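Student: I would like to learn how to read a protein model feature by feature. Can we take one and work through it?

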Amino acid sequence: MSKAEQIVKDLVRHTYGTWRRQELWKSPLLIKDAEGVYIYDDGGKRYIDFSSQLMCSNLGHKNKAIIEAIVKQAERLPYVAPGFTSEASVAAVEALRSVLPEGLQKFFFSTSGTEANEAALKIVRQYKAPSYKILSRYRSYHGATPGSLTLTGDPRRILAERARCTIDGVRFAPDAYCYRCPFNLTYPGCGIQCARYVDYMIKEEGNVAGIIVEPIVGTNGRIVPSPEYFPMLREICDENDVLLIADEVMSGWFRTGKAFAIEHWNVTPDILTTAKGCTAAYTPAGVTVTTREIADFFEQEPFDHGHTYAYHPLVLSAIPAAVGEYKRLMKTGLPQRVSRHLKQRLHELGDRHQSIGDVRGMGHFWALELVRDRKTKEPFNVKMDKFSRKTMMTSKVARDAFDQGVYILSWYDTLIVAPPLIITQDEVDEAIDIIDKSLLIADREAVSTDIPVSKTSEFVSI
Ligand SMILES: Cc1ncc(COP(=O)(O)O)c(C=O)c1O
């Protein structure tokens with residue numbers, strides 16, 4: 001047994017592998033190094049990071065400016081209790097305000113996306129009491145802790161419910177999922193029923209305090225709603241006195257071409273949560289930001305929330321550095337150029353592979369939805385397969401691509417194309433050429449039809 005194999009063997013014995021049966025946590029790859037858009041294993045093999053790890057390493061690996069900022073902070077003041085404040089907090093707020101919509105003004109800092117959403121949940125319920133119900137959508141993930149997981153529509157919530165690790169007062173609204181419209185309607189003749197139904201739900205449910213949405217759905221599909229969707233949702237929230245919470249943990253940070261995905265619809269939420277890309281994953285930060293109106297409410301009300309590591313200076317030190325790097329990168333025009341190329345290459349894959357049902361996304365945030373039959377849209381796998389013993393078709397394709405040197409994450413129905421924003425056209429080509437070959441695995445089990453691939457984000461020309 002090699003030294004690396006021994007290290008991994010010991011490690012899996014003493015650590016829990018996340019979101020899986022532990023018998024499947026046997027041989028995680030030991031990653032030794034990472035630079036730019038590449039990660040390297042113990043043997044020096046190179047993999048192109050086509051999902052930015054967990055859609056968070058948006059600026060690639062070993063960014064010097066961010067590392068320097070963290071080192072400086074570690075030397076100056078690594079930690080101070082949240083009852084004090086630090087220059088790191090001041091700088092993080094200033095940097096965030098320079099990219100966030102103006103209406104969002106008061107911040108709470110934590111150390112993950114799920115904590116950012118737990119804070120939002122508490123804020124909404126305190127602010128809107130006695131209303132307490134929160135609407136979410138089935139195609140969603142909001143985090144691993146009980147509140148956030150209850151807001152989650154994906155299979156992880158279903159398992160948590162069985163373990164009695166969820167909270168009450170959450171209801172699920174229809175997804176803005178044009179490829180598989182829950183009302184079986186077609187845009188634009190649908191009248192945006194997925195938004196209208198939220199109005200019906202709020203009125204019929206009663207006691208609704210807020211609705212949480214991923215503006216472009218992340219893990220559960222890179223689903224881009226129609227141009228009318230968010231303006232309608234904003235209006236419905238205002239008319240019914242319900243708060244709109246945008247979870248930009250994954251869709252934020254220029255991944256879709258704008259700082260935050262909701263900006264594509266010119267809508268400002270009442271609360272925005274983010275994490276991941278806010279430090280480009282160099283430190284673990286969570287951000288919850290509210291309007292001034294909500295902030296004012298807490299002048300006379302206790303803000304019933306906090307953590308030992310809230311406002312952690314070392315964590316926050318990466319935020320201004322990352323914001324500076326995003327601005328610099330966007331000014332070069334590279335992400336804008338490469339995202340056009342990426343889109344074209346993904347559409348070509350859709351045209352070539354029978355097993356791709358829908359190609360959708362924006363910027364550096366795309367889904368290839370795999371289907372057995374394009375005509376009937378019969379999927380290879382469904383939601384509840386996720387935690388079954390079945391090997392999913394998306395996993396088979398991703399596994400093959402990984403063996404050929406491309407790290408691409410998969411969900412039960414889609415491949416997740418989300419490379420770092422620093423990726424070049426040549427690096428995109430390198431990854432796509434490999435994925436092109438790996439998709440033959442799915443093609444072999446797909447029904448041959450003359451139905452063209454669907455490109456649902458194409459008719460959504462925002
Ligand atoms: C949209 C969304 N919200 C919340 C979270 C939870 O973030 P974290 O894993 O940092 O707790 C995630 C994580 O993937 C996410 O994609």
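Predicted model: local features only at pLDDT ≥ 70, side-chain atom pairs only at ≥ 80, totals over all residues.

Student: How many residues of domain 1 are in contact with domain 2?

Tutor: 40 residues of domain 1 touch 45 residues of domain 2. The area buried between them is about 3400 Å². Carbon and sulfur atoms give 60% of that area.

Student: And how do I read the polar side of this interface?

Tutor: Count the pairs, then look at who supplies them. There are 24 residue pairs in polar contact across the interface of domain 1 and domain 2, both residues at pLDDT 80 or more. On the domain 1 side, α2 (52-55), β11 (356-362), β12 (365-373) and β16 (414-417) each supply at least two residues. By class, that side has 21 nonpolar, 11 polar and eight charged residues.

Student: How many salt bridges are there between domain 1 and domain 2?

Tutor: Two. In a separate entry, aspartate 413 pairs with arginine 139, with the closest N and O atoms 2.9 Å apart. The structure as a whole holds 26 salt bridges.

Student: What should I ask of a salt bridge beyond its distance?

Tutor: Ask where the partners sit along the chain, and how exposed they are. Take aspartate 33 and lysine 62, which meet at 2.5 Å, N to O. Aspartate 33 is in strand β1 (residues 31-35), while lysine 62 is in the loop between α2 and α3 (64-76). The partners are 29 residues apart, and the pair links distant parts of the chain. Aspartate 33 is partly exposed at 35% relative accessibility. Lysine 62 is also partly exposed, at 37%.

Student: Which lysine forms a salt bridge with aspartate 241?

Tutor: Lysine 128, with the closest N and O atoms 3.1 Å apart. Aspartate 241 lies in the loop between α9 (229-240) and β8 (243-247), and lysine 128 in helix α5 (residues 113-128), so the pair ties together parts 113 residues apart in sequence. Now check exposure. Aspartate 241 is exposed because its relative accessibility is 53%, over the 50% cut-off. Lysine 128 is buried because its value is 13%, under the 20% cut-off.

Student: What separates arginine 234 and aspartate 238 in helix α9?

Tutor: About one helical turn, because they are four residues apart in that helix. Their closest N and O atoms are 2.8 Å apart, in a salt bridge. Arginine 234 is buried, at 14% relative accessibility. Salt bridges can also share partners: Arg180, Asp358, Arg360 and Glu369 are joined into one network that way.

Student: Now a single residue. Is serine 136 buried or exposed?

Tutor: Buried, at 0% relative accessibility. For a polar side chain in such a place, look for a partner. Serine 136 lies in strand β5 (residues 133-137). A polar atom of its side chain lies 2.6 Å from the backbone oxygen of leucine 151. Leaving aside neighbours within four places in sequence, the contacts of serine 136 include His142, Arg171 and Ile212.

Student: Where is alanine 275 found?

Tutor: In the loop between β9 (271-274) and β10 (286-291). Alanine 275 is buried, at 3% relative accessibility. Beyond neighbours within four places, alanine 275 touches Val249 and Trp253, among others.

Technical notes: Residues numbered from 1 in each chain as written. Heavy atoms only, no water. Contact = heavy atoms within 4.5 Å. Buried area = accessible area lost by both parts, 1.4 Å probe. Salt bridge = Lys/Arg side-chain N within 4 Å of Asp/Glu carboxyl O. Polar contact = N/O pair within 3.5 Å; in protein donor to acceptor, adjacent residues only side chain to side chain. Nonpolar A, V, L, I, M, F, W, Y, C, P; charged D, E, K, R; others polar. Buried < 20%, exposed > 50% of the residue type's maximum accessible area, 1.4 Å probe, protein only.
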